[in-house]
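Here is a short briefing on one protein model. Keep the sequence and the 3D view open as you read.

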Amino acid sequence: MATVTYFLVHRISRDRLAAVGLTLAAIGASFTLWSARPLFLGILAFLGLLWIVEVPDSWLGQRAIWTIPVLVWLWANTHGTFSLGLAYLGLHLAGRWLEGAPFWAGRERVPGHGGGDRRGCGGGEPLRSGLLLFPVQLLTRGDILKRVSEWRSPDFRTIQGLMFAGWLAVFVACFALGRRRPSRRDVVVTVPFLLLAFWAQRNIALSPLVGVAAAARCVGRDEYRPPADSPLNRIVAVALIGLGLVWTAQAAGEPDFDTSTYPVAALHWVADHGLLGRRLMTTDAWAGYVILRWWPEQKVFVDDRYDMYPRPILEDFIRFDDGDRRWPEILDRNRIDVVVWRANDAIVRLMEANRGWTEGYRDKKAVVLTRAKAAPDPPAAQPTEPAAPPKGTSGPAGLGEAIDRFAAEQPVPFSVVARLLPDGPVVARSADRRVPSASLYKLFVARELLRRVGAGSVERAAPAVPTADGRPRTAGDCIRDMIVLSDNPCGVWGLGQVGGRAARRHAGPGRVPGYVAGQPPADHRRRRRPVPRAGPGRDALRPGRGGGHRRALRAPRGPAGRRPAAPGAAPRHLPRPGEGRAFGAIAELARRAWAAVG
């Protein structure tokens with residue numbers, strides 16, 4: 001592909017040196033999207049169309065009346081980028097029209113007739129309008145496509161973004177400083193494809209190829225540069241040939257498929273236990289492996305082709321992946337019997353806590369959950385007498401009932417230990433259950449991020465820190481993982497986004513009854529850890545110059561040194577329900593317990 005691009009640029013610019021430079025810049029940006037998939041065939045077809053249109057005196061260009069229809073016919077049966085090829089033809093004709101060459105006269109009639117033939121599918125069946133308008137329909141799926149990294153705007157902090165930025169610099173320099181000014185046709189053709197590249201990273205594969213032809217015309221010569229018989233040229237040519245041979249040998253020695261990131265063992269367990277053919281839910285990335293290895297015996301619910309599936313199906317998949325509380329309804333409505341999912345995701349923990357699902361297999365990568373068989377209801381537990389409260393105290397009336405009602409309404413189990421301070425009796429529910437510990441600051445950081453999402457200042461689909469295995473995460477993913485999994489990288493990332501001053505509004509001392517602003521309770525003062533003079537902990541919580549942990553979290557004191565709470569009121573530092581499912585449930589539990597003992 002690089003060779004074809006080089007000869008195209010050299011044919012237009014008549015300058016070998018310019019052809020090498022432009023080819024390296026354009027291919028360097030496009031190369032980041034190359035892989036063994038149908039998109040690669042679409043890029044090859046696009047290069048063929050560029051040869052026909054940009055070099056009209058070539059063998060293909062002179063026979064455009066039939067080469068364009070044949071190319072589009074093959075292209076339409078290979079990859080959806082053929083629609084961008086038709087858009088390129090339309091922009092070319094519109095640009096030539098602005099230059100005084102209407103598409104109904106002269107040579108412009110040839111690409112107009114060739115590209116306008118709607119008979120592009122196998123067997124001569126005409127292309128339907130829905131297929132031709134498919135790229136336009138994609139614009140309505142922005143909220144779904146932004147979950148896929150290739151459909152997001154380029155990130156100029158990555159290698160792919162830097163290579164694209166380098167190509168942009170070369171392209172602008174050629175237009176601004178070239179020997180010739182860009183024509184109207186070149187501007188009409190290249191600008192929309194540049195905008196497409198800014199809209200979605202996957203379009204970077206095609207945008208530089210469109211722009212390299214226009215850039216070559218701007219820096220082109222009137223006559224071919226005479227060849228220079230220099231030893232350096234021969235050394236470079238031999239080095240390139242040798243490098244190509246080395247890459248070819250390395251590729252030939254590698255396995256055809258790299259399955260190290262896929263749930264190979266988990267799916268073999270599914271096959272060994274006679275579950276192949278059941279309705280399967282797996283991740284969009286793993287679904288491609290299932291199709292390759294087990295189709296047609298095993299079908300999938302959704303794969304990573306977000307542009308092809310019906311919108312209701314994709315919305316169900318996204319809700320399930322996000323751990324939405326409607327996940328049981330989604331699985332029941334779609335009659336899913338087997339779930340193969342990432343072992344550490346929050347949805348797996350929710351399913352493990354549900355009696356309707358059973359874990360059948362687990363490794364470090366994946367877990368297999370199947371529908372539990374119908375079983376008789378367990379016998380009702382015999383009521384036990386509550387423990388007598390200590391002398392001199394009275395039991396908190398209604399506290400146990402309030403906690404029981406709350407726990408019965410939740411989709412996941414809660415472990416609760418409540419005590420009427422300072423020395424009242426204890427009400428415990430599942431107190432001996434072992435659960436992972438959590439960093440409480442993440443809840444307040446998550447609440448501030450949710451507030452900013454609601455205000456529109458933070459985009460839920462914005463990129464955040466990746467997982468430990470390198471899987472990309474959005475801001476919404478990190479908010480969920482902070483609340484559900486107490487994820488440390490997401491906590492550090494979120495604190496860096498909101499800053500200690502913003503988190504202080506939700507977690508500041510002085511908002512809890514009986515807590516004096518700026519100092520710990522009396523029974524903990526001697527055990528307080530010293531504030532570090534420097535380090536990441538101090539810097540992360542410090543809102544400005546000077547001050548450490550206490551200054552960053554200090555709240556203004558009232559006349560008596562504290563901010564008293566109203567009688568019967570819940571602690572005001574807790575969030576309102578609805579600002580995160582787990583966080584809102586904890587707040588609701590606290591309010592009910594507070595009201596029961598108030």
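Tyr361 stands opposite Val368 in strand S4. This is a predicted model, where local features need pLDDT of at least 70 and side-chain atom pairs count only at pLDDT 80 or more, while totals for chains, interfaces and linings use all residues. Residues are numbered from 1 along each chain as its sequence is written, and side-chain values use heavy atoms, with hydrogens and water left out. Helices (H or I, at least four residues) and strands (E, at least two) are DSSP runs, numbered from the N terminus.

- Strand S4 covers residues 366–371. Five of its six residues are buried, so S4 is largely enclosed by the rest of the structure. Buried means under 20% relative accessible area, exposed means over 50%, and partly exposed lies in between (1.4 Å probe, protein chains only).
- Two strands pair if DSSP finds at least two bridges between them.
- Strand S3 (residues 357–362) pairs with S4 in the antiparallel sense, over five bridges. Here Thr358 stands opposite Thr370.
- S3 and S4 form a hairpin, with three residues between them.
- Strand S2 (residues 338–342) also pairs with S4 in the antiparallel sense, over five bridges. In this pairing Trp341 stands opposite Val367.
- In a regular strand the side chains alternate between the two faces of the sheet.

**Two helices with a buried side**

- In helix H15 (residues 264–272), the residues Ala266, Leu267, Trp269 and Val270 are buried. They cover an arc of only 150° around the axis, which puts them on the same side of H15. The arc is that of the directions from the helix axis to the C-beta atoms.
- What do the buried residues of H15 pack against? They pack against helix H16 (284–294), S2, S3 and S4. Contact means heavy atoms within 4.5 Å.
- Helix H20 spans residues 399–409, and its buried residues are Leu399, Gly400, Ala402, Ile403 and Phe406. Their arc around the axis is only 160°, which puts them on the same side of H20.
- The face of H20 turned away from its buried side carries the exposed residues Arg405, Ala408 and Glu409.
- An α-helix has 3.6 residues a turn, so residues three or four places apart point the same way.

**Aromatic rings**

- How many aromatic pairs does a search of the whole structure find? The search finds 14. Rings of Phe, Tyr and Trp (its six-membered ring) pair if their centres lie within 6.5 Å; planes under 30 degrees apart count as stacked, over 60 as edge-to-face and the rest as tilted.
- The ring centres of Trp59 and Trp66 are 6.1 Å apart and their planes stand at 85°, so this pair is edge-to-face. Trp59 counts as exposed, at 52% relative accessibility. Trp66 is partly exposed, at 43%.
- Phe156 and Phe198 have ring centres 6.3 Å apart and planes at 45°, so this pair is tilted. The pair links distant parts of the chain, 42 residues apart. Phe156 is in the loop between helix H10 (142–145) and helix H11 (159–177), and Phe198 is in helix H12 (residues 184–199).
- Phe156 is partly exposed, with a relative accessible area of 34%. Phe198 is partly exposed too, at 35%.
- Phe46, Trp75, Tyr88 and Phe193 are linked into a cluster by ring pairs.
- The charged end of Arg293 sits over the ring of Trp294, 4.0 Å from its centre. A charge sits over a ring if NZ of Lys or CZ of Arg is within 6 Å of the ring centre and within 35 degrees of the ring normal.

**Two buried residues**

- Gln201 is found in the loop between H12 and helix H13 (207–219). Gln201 is buried, with a relative accessible area of 13%.
- A polar atom of the Gln201 side chain lies 3.3 Å from the backbone oxygen of Ser153. A polar contact is a pair of N or O atoms within 3.5 Å; within protein, one must be able to donate a hydrogen and the other to accept it, and residues adjacent in sequence count only if both atoms are side-chain atoms.
- Not counting residues up to four places away in sequence, Gln201 touches several residues, including Leu33, Arg152 and Gln160.
- Ile52 lies in helix H3 (residues 38–54). Ile52 counts as buried, at 3% relative accessibility.
- Ile52 and Thr67 are 15 residues apart in sequence and 7.9 Å apart in space, C-alpha to C-alpha.
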